[in-house]
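Let's look at how two protein chains sit against each other. Have the sequence and the 3D view open as you read.

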Amino acid sequence: MTTATQGAAAEMAAIVGESRVVTDPAARAGYAVDGETPQCVVYAPSAEQVAAVLRHAADRRLAVIPVRNLTKIGLGQRPRAYDVALSLKEMNQVWYYEPDDLTVSVEPGMKLGDFQHFLSRHNLWLPVDPPGGEKASIGGILAANASGPLRLRYGTARDFTIGMKIATTEGKIVKTGGRVVKNVAGYDLAKLLIGSCGTLGVIVEASFKLFPRPAQRLTFAVAVPALGQARDLRRRIQQSALEPLRILLLAGEAPRLLGPDSGSAGRERALQLWIEAGGSAAVVDRYARALDDLARRCGLTIERLDEEIAAPAWARLCDAPAALAPALPITATLKATLPIAATEEFVGRSEEEAGREGARVAVLAQVGVGVTRLVVLEAERNRLAGLVARLRGAASALGGALVVEQCPWEAKSEIDVWGPPGDDFEMMRKIKAAWDPSGVLSPGRFVGGL
Amino acid sequence: MHPSPLVRELERRVGREAVLWRPEDLMLYEYDALSSRRAPDAVVFPTSTEHVVEIMRLANRERVPVVGRGAGTSLSGGPVVAEGGIVVSFARMKKILEIDIENQRARVQPGVVNLDLSLAVADAGYYYAPDPSSQKACTIGGNVAENSGGPHTLAYGVTSQHVLGLEVVLAGGEVIHTGASFWDRPGYDLTGFLVGSEGTLGLVTEITVRLMRRPEAVKTLLAIYNQVGDATRTVAMLTAHGITPAALEMMDGVTLRAVEAATGAGYPTDSAAVLLIEVEGLREAVDEQADIIEQVCRRNQAREVLRARTEEARARLWRGRKNAFGALGRISPSYYVQDGVIPRTRLPEMLDDIERVAQRYGLLIGNIFHAGDGNLHPLILFDSRDPAECERVVEAASEIIAKCAEMGGSITGEHGVGLEKNELMPLIFSPDDLEMMRRLKAAWNPDGLLNPGKVLPSGKMCGELRIQVSMGSGASTSAVNGRLPSRRRERVGSGGGLP
């Protein structure tokens with residue numbers, strides 16, 4: 001460690017206290033990002049201290065990456081520099097909670113699982129099922145704009161975040177929005193922060209509108225022999241009056257590796273379409289009848305899953321890389337976003353392209369919204385860049401884009417994880433400069449090297 | 001009279017038939033549905049993005065402000081010219097460029113009228129969800145600028161939740177494309193940032209929106225109350241029960257009587273308040289929710305709960321609500337509609353407060369709320385020929401908005417800040433908050449040519465924060481009130497506070 005950063009660690013200690021600055025090599029190694037180990041880990045216990053740490057880092061030109069549970073830390077290019085891991089672990093309080101108003105304000109370090117548990121007292125929830133699952137933090141979900149299949153019904157953080165407080169590299173705490181569910185006063189800075197991957201400021205508090213939990217939930221699974229049938233059924237559902245909570249198409253290795261344990265050998269080879277409905281008993285019953293009817297018209301048979309099987313299965317599906325990782329070497333996780341109608345075609349193309357590069361993929365496609373997650377298994381590292389290029393080419397030919405959510409950092413020298421920026425990049429650069437003029441927040445990790 | 005060199009240059013770039021410059025023509029572009037300040041130097045009607053680029057380049061060269069304009073239905077002075085310059089009317093950019101039902105989206109030019117898009121996709125069973133009361137006239141470009149809402153945004157969200165991508169002409173004349181025709185394009189969410197920026201960051205020339213499928217069933221209820229407090233308590237209890245209707249609107253007795261006289265919607269004129277409640281979705285869900293809603297209404301002393309049995313009856317109930325502003329205009333020479341937001345649980349308290357304000361200032365205030373999301377529209381009735389009364393109106397409105405802020409709410413829920421409330425921004429934002437907004441604005445609009453005088457405080461105010469729009473016609477330097485008597489139904493300001 002250099003003398004400068006030793007000095008910096010001491011100065012950080014002056015802000016947050018001796019016990020909250022860790023320089024122990026083993027602890028620091030735990031916060032490595034893409035092979036870079038920070039010089040120290042700083043645990044900030046309050047918004048003011050986050051702001052003070054950022055200001056200090058900016059003054060000293062120390063690169064800071066905000067972290068919590070590291071569930072999405074693989075997202076981004078290799079950092080240009082990385083001196084301080086700023087952990088928000090200690091900021092895990094609910095500041096404001098008005099259950100009758102369905103509004104809440106919470107700190108970024110709160111884990112989603114703990115937050116949902118807290119809200120369940122009043123039968124409320126934040127309807128989001130991101131990668132990382134219960135371990136994902138609120139701040140991480142916002143910074144990565146992480147979402148899962150529930151976005152079909154509820155949208156993403158962008159849709160239910162009503163306000164935010166953000167610590168800036170100038171040591172200020174800036175507020176946007178508020179605690180009311182409708183608000184158009186001033187520029188909506190929260191939109192910029194959501195999905196900014198820790199490159200603009202550090203979210204120190206977020207306010208949400210909450211939703212009542214569906215009274216009942218029921219999951220249906222359909223084994224589908226061919227993509228065309230999957231597309232046919234998805235279209236029929238979309239054109240019907242039904243509004244499922246989530247729809248997920250499992251292809252490639254996904255049915256075999258992530259489907260319900262009870263599956264027969266024949267079903268494992270097929271594609272699977274998973275559909276979850278929510279609502280009152282009468283509503284859920286209607287879904288059962290209607291989906292059965294729609295499936296039969298596509299020549300398919302629908303099956304109800306018991307909730308004891310369905311709930312853990314959905315958790316696995318939403319956090320597929322984590323579910324697969326203990327047993328299999330995961331090479332990369334990719335996310336393609338496409339116009340809705342192109343999704344099934346992309347699923348087919350992705351299996352072909354993976355085959356060409358000698359890789360196997362587990363494909364999880366949110367066919368109602370056009371988002372496909374690909375978990376790449378058993379790819380040779382030196383062929384990964386080629387695979388990404390092929391898949392990005394396929395997504396782009398179908399009018400979409402592809403992001404590498406996670407891959408070995410060694411491969412990042414030859415892979416642009418974000419893909420090429422568009423003609424709005426210059427404005428993105430100006431926005432970055434307005435928030436982080438000294439360029440110390442997650443430098444180089446975002447789109448176009450921002 | 002001869003056109004100025006600026007006008008000649010505009011004519012050269014976009015065509016003679018696309019430029020207005022005579023004073024009598026410009027006068028029509030002095031105001032929106034809120035107020036007026038001064039006439040622009042020219043109004044230009046581009047028909048393409050290239051035209052907008054040309055206009056923007058010229059404005060840059062000549063250092064004149066540029067103000068985008070849709071149908072002029074804004075209620076915060078958004079398209080009102082504060083410092084002269086060129087008004088860019090999108091009235092001739094009104095093509096629906098693409099309807100893509102398979103991908104549940106449409107691409108439109110900014111001048112497309114909100115309702116026209118819904119009508120264009122109705123046969124396919126789809127619609128465009130944001131539905132401001134002015135939806136028969138207002139444009140999608142205007143909705144994007146103001147991040148407009150409407151009764152049904154309670155369940156489906158305001159404009160920003162329905163816009164996927166934009167084509168934008170920047171202050172320097174460059175054209176950029178934000179977002180995409182799919183979700184989650186990598187990079188900062190410039191689309192989300194631009195929606196609601198009130199024309200101060202760029203001129204939007206194309207919009208990709210999300211379309212939604214029409215629900216299978218709709219049920220509309222009208223709950224009638226003898227006490228306003230019972231109605232507001234019903235709203236709070238419905239929210240607490242986790243019932244999110246598609247729309248939940250409240251009108252008080254003052255409003256009801258005016259609406260009934262004007263539209264014959266079937267509202268009871270002897271009641272203190274009604275709730276207009278709509279639930280949508282699957283038949284089964286709608287039936288159950290309507291029953292629960294009726295029970296909650298009755299538990300809160302609703303005197304009667306009516307259900308619209310036919311589509312005609314439903315349309316009649318909504319006609320009353322959508323035309324309520326106009327109806328109040330019939331019983332008063334002028335009115336001033338406010339737009340504040342409070343936490344929904346505090347509606348009963350807020351309504352008492354508005355009543356106290358009305359009494360203190362000796363004014364009649366009608367209340368029309370998007371109650372379900374705590375968005376208040378108190379309508380202050382007055383006579384703009386009475387300067388003292390005008391003064392009281394501004395005081396009363398400022399007090400109501402300050403109260404919203406004090407309750408942890410917002411100074412605007414859907415009308416925008418514009419030039420009406422930019423000086424009120426410090427009620428809810430700190431100097432640091434505003435400084436960040438100012439800096440971001442400077443990144444997009446470095447010379448301040450795009451819609452100057454809007455959104456952010458001028459920095460020239462000291463002391464008391466109050467609404468900056470003048471109400472009266474007496475001291476007016478503008479002749480709008482006199483020459484356009486029909487406008488009297490809408491509140492027309494005077495620009496008296498400006499040089």
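Chain B and chain A bury about 6,400 Å² between them, and carbon and sulfur atoms give 56% of that. Buried area here is the accessible area (1.4 Å probe) that two parts lose on being put together, summed over both. This is a predicted model: local features need pLDDT of at least 70, side-chain atom pairs count only at pLDDT 80 or more, and totals for chains, interfaces and linings use all residues. Residues are numbered from 1 along each chain as its sequence is written, chains are lettered from A in the order in which they are written, and side-chain values use heavy atoms, with hydrogens and water left out.

**Who touches whom**
- On the chain B side, E102(B), Y188(B) and R213(B) lose the most area to chain A, together 13% of what that side buries.
- In contact (heavy atoms within 4.5 Å) are 80 residues of chain B and 75 residues of chain A.

**Charged pairs**
- You'll find 14 salt bridges between the two chains; each is a side-chain nitrogen of Lys or Arg within 4 Å of a carboxyl oxygen of Asp or Glu.
- One of them joins E216(B) to R286(A), with the closest N and O atoms 2.6 Å apart.

**A helix pair**
- Helix 12 (residues 281-297) of chain A and helix 10 of chain B have axes that come within 8 Å and cross at roughly 170°. Helices are DSSP runs (H or I, at least four residues), numbered from the N terminus. Axes are lines fitted to C-alpha atoms over the stretch in contact, with angles from 0 to 180 degrees between N-to-C directions.
- So the two helices are roughly antiparallel (angles over 145 degrees).

Key: Angles under 35 degrees count as roughly parallel, over 145 as roughly antiparallel, 65 to 115 as roughly perpendicular and the rest as oblique.
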